[in-house]
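Here are a few friendly notes to read alongside the model. Take them one at a time, and keep the picture open as you go.

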Amino acid sequence: MDKKQGYGAGTILASVLFVVWFAASLAGMIYCSKTGRGLLVPALLGQYFFVFGMVGIVSTVKSETFQPFILIFPILGILLIAIPIWLYFGGEKAGAMLDVVLPYVVVVTILIGSILLLILSQVNTGRKKKQCTMTVNAMCVALDARYHKGTRTVCPTYEFYYAGESHRVCDYTYTSQTISEGDACTLLIDPEKPDVFYDEKREERSRKVTTLIGVMGILCGALGLYMMLFGNQQSR
């Protein structure tokens, strides 16, 4: 009983601190915008991207549904915090330096981010294949669809029976897979954690898209960095 009460108190305290931080940051943005410190507003906004991104990473890692694209949010948050603070306290010299440095920062960020995207995607797929070894027959019992600029992506919920129990699972990942409610399929699940599953067809489709994005990002980043480093020399 004491343990449950302690856990409840800790959760309440964390919730109160979160609300105070969120409200204080919002108030800080309003204050800065009205007192001529507008340059600090993006830095305060960057806190949200960083904190929510880290919370998303931790929660998805714990639930074993981590997706590499979540890394974009904390990285964007760091940039939003660092650059405005540098400009605000560094003055004109920092601004002049930023004009030179910022293109390199953007290109290197794209390059490193694309490499991490490929690595984490492969690691995530390898981990799922190693963990999910039990084959089960499943059925799509629900389908959530999203539409963006004429493109339809779907996130299915599957139901299957394992060890005498019915399980409903969803990985909250949207792909362009063609599937309808009532369709039967085969899933690979973790025998010890049946809610952790691996859909080979969807995973392959998602991996191909991630690989394409990662490779394009690496090519664009590498080309941009090469042109900035050696383009001027060749033009001479």
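1. Two strands count as paired if DSSP finds at least two bridges between them. Helices (H or I, at least four residues) and strands (E, at least two) are DSSP runs, numbered from the N terminus. With that in hand, look at tyrosine 158, whose bridge partner in β3 is valine 169.

2. A word on the source: this is a predicted model, in which local features need pLDDT of at least 70, side-chain atom pairs count only at pLDDT 80 or more, and totals for chains, interfaces and linings use all residues. Residues are numbered from 1 along each chain as its sequence is written, and side-chain values use heavy atoms, with hydrogens and water left out.

3. Now the sheet. Its five strands follow the order β3-β2-β1-β4-β5, and the sheet is open with antiparallel pairing. At the edges sit β3 (165–169) and β5 (197–198), each of which pairs on one side only.

4. Next, follow β2 (residues 151–162). Antiparallel to β3, this strand is joined to it by five bridges, and glutamate 159 has arginine 168 as its bridge partner in β3. Towards β1 there are ten bridges, again antiparallel; here glutamate 159 is the bridge partner of methionine 139.

5. Which residues touch the most other members of the largest nonpolar core? They are Tyr158, Phe160 and Leu187, in a core of 13 residues. Such a core is a set of buried (under 20% relative accessible area, 1.4 Å probe, protein chains only) Ala, Val, Leu, Ile, Met, Phe, Trp, Tyr and Cys residues joined through side-chain atoms within 4.5 Å. β1 (134–148), β2 and β4 (184–189) each supply at least two of its residues, and the largest share, four residues, comes from β2.

6. Leucine 187 has contacts (heavy atoms within 4.5 Å) beyond its neighbours within four places in sequence, including Tyr158, Phe160, Val169 and Phe197.

7. Finally, visit the helices. Phenylalanine 52 lies in helix α2 (residues 41–62). Its relative accessible area is 40%, so phenylalanine 52 is partly exposed, a class that lies between buried and exposed (over 50%).
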